[in-house]
Amino acid sequence: MKWSRRKQKAEHFFSNSVKGRVELGSTRYRGSPDNEGCGFILFDKKEIWRMCSQSFYPVENDYIKKIAEQHAIPPQEAQPLALEALAREGVFSQQTYYDSLSEYSHCSIDALLASPNTLIKCLAMLDARLGKRRLLKFDLSQEHQKVVEFYRIRCECEGLKIKAF
C-alpha cells in the first residue's frame, strides 16, 4: 500500500479535535539500502516520535541474540519474539511503523486498547472511537510513557482536565 493511502486510512480515525494537530509522516533516504528511512509523528508541527530503520536494526539484532541465548533457539525463531518485545517498548523501524499503522486501521477500539503494541495503543488514544468519558476513565498506571504522552495530547486537544496519576 502506498504511504499516502496508509496515512489517510490511519488519520481518518483521529478525533476531530486531533485532526490537523497530529500528523503521521514518513521519509525515505535515497542513498540507503532498499531506500529505507524514518517514520515520525508530529504534534503541532513538532516531532514527538521518530522511528528510523537505521537505528532500529542494531537494537533488533541485540534483542535477537539475547532471546536466542536465553531460550536456546535459533535466531530465526527469536526474531518474532524480539519484534514483539521491541513493539511493547516502543522501538520501531520504518517498516514496523507501517505495519502498525495498517493493523491500527483494521481493528476495533477494544482490540487497539488491548494491543501489546505501544504505537497502536498511542494511536488509540487519538481515536474518535475512544469517547471522552471512556478516555477519562482509562487506567494509565501500567501504560508505557508514550501512551501517557498521547493521552495528554488527546486531553489537551479535547480541552479535558488531565487526571493526576
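1. Glu158 and Arg154 both belong to helix H8, at positions four residues apart, about one turn of the helix. In this predicted model, their side chains meet in a salt bridge, with an N to O distance of 2.9 Å. Glu158 has 18% relative accessibility and counts as buried. Arg154 is also buried, and its relative accessible area is 2%. With the cut-off for buried set at under 20%, Glu158 falls in that class at 18%.

2. A second pair in helix H8 (residues 145-158) is formed by Glu149 and Lys146, which lie three residues apart, again about one turn of the helix. The closest N and O atoms of this salt bridge are 3.5 Å apart. Glu149 is partly exposed, at 27% relative accessibility, whereas Lys146 is buried, at 14%.

3. The next point concerns a pair that joins separate elements. Glu23 and Lys7 form a salt bridge in which the closest N and O atoms are 3.4 Å apart. Glu23 is in strand S1 (residues 22-28) and Lys7 in helix H1 (residues 3-11), so the pair ties together parts that are 16 residues apart in sequence. The relative accessible area of Glu23 is 30%, and the residue is partly exposed. Lys7, at 19% relative accessibility, counts as buried.

4. Lys7, Glu11, Glu23 and Lys45 are linked in a network of salt bridges. The structure as a whole holds 12 salt bridges. Side chains of opposite charge can pair when their charged atoms come close.

5. Two packed helices are described by the angle between their axes and the distance between the axes. Helix H6 (residues 118-126) packs with H8 at an angle of about 15°, and their axes are 8 Å apart. H6 and H8 are therefore roughly parallel to each other. The crossing of these two helices, H6 and H8, is right-handed.

6. Which residues of H6 and H8 meet? From H6 come Thr118, Lys121, Cys122, Met125 and Leu126, and from H8 come Lys146, Val147, Phe150, Tyr151, Ile153 and Arg154. By class, the contact of H6 with H8 has seven nonpolar, one polar and three charged residues. Two H8 residues at this contact, Lys146 and Arg154, also take part in the salt bridges described above: Lys146 with Glu149, and Arg154 with Glu158.

7. Val22 is located in strand S1. Its relative accessible area is 4%, and Val22 is buried. Leaving aside neighbours within four places in sequence, Val22 is in contact with Glu11, Phe14, Ile41, Leu42, Phe43, Leu126 and Ile153. Among these contacts of Val22, Leu126 of H6 and Ile153 of H8 also belong to the contact between those two helices, and Glu11 is a member of the salt-bridge network.

8. The axes of helix H2 (residues 53-71) and helix H3 (residues 75-89) come within 8 Å and cross at roughly 120°. That angle makes H2 oblique to H3. The crossing of H2 and H3 is right-handed.

9. On the H2 side, the residues that meet H3 are Phe56, Val59, Glu60, Tyr63, Ile64, Ile67 and Ala68; on the H3 side they are Pro75, Ala78, Gln79, Leu81, Ala82, Leu83, Ala85, Leu86 and Glu89. By class, the contact of H2 with H3 has 13 nonpolar, one polar and two charged residues.

10. Most residues other than glycine have a negative phi, and most peptide bonds are trans. Ala72 is not a glycine, yet has a positive phi of about 50°. Ala72 occupies the loop between H2 and H3. It counts as exposed, at 70% relative accessibility.

11. Asp44 likewise has a positive phi of about 50° although it is not a glycine. Asp44 lies in the loop between strand S2 (37-43) and strand S3 (46-52). Its relative accessible area is 39%, and Asp44 is partly exposed.

Terms used: Residues are numbered from 1 along each chain as its sequence is written. This is a predicted model: local features need pLDDT of at least 70, side-chain atom pairs count only at pLDDT 80 or more; totals for chains, interfaces and linings use all residues. Side-chain values use heavy atoms; hydrogens and water are left out. Axes are lines fitted to C-alpha atoms, for helices over the stretch in contact, and angles run from 0 to 180 degrees between N-to-C directions. Angles under 35 degrees count as roughly parallel, over 145 as roughly antiparallel, 65 to 115 as roughly perpendicular and the rest as oblique. A crossing is left-handed if the near helix is turned anticlockwise from the far one by less than a right angle, and right-handed if clockwise. Contact means heavy atoms within 4.5 Å. Ala, Val, Leu, Ile, Met, Phe, Trp, Tyr, Cys and Pro count as nonpolar, Asp, Glu, Lys and Arg as charged, and the others, Gly among them, as polar. A salt bridge is a side-chain nitrogen of Lys or Arg within 4 Å of a carboxyl oxygen of Asp or Glu. Buried means under 20% relative accessible area, exposed over 50%, partly exposed in between (1.4 Å probe, protein chains only).
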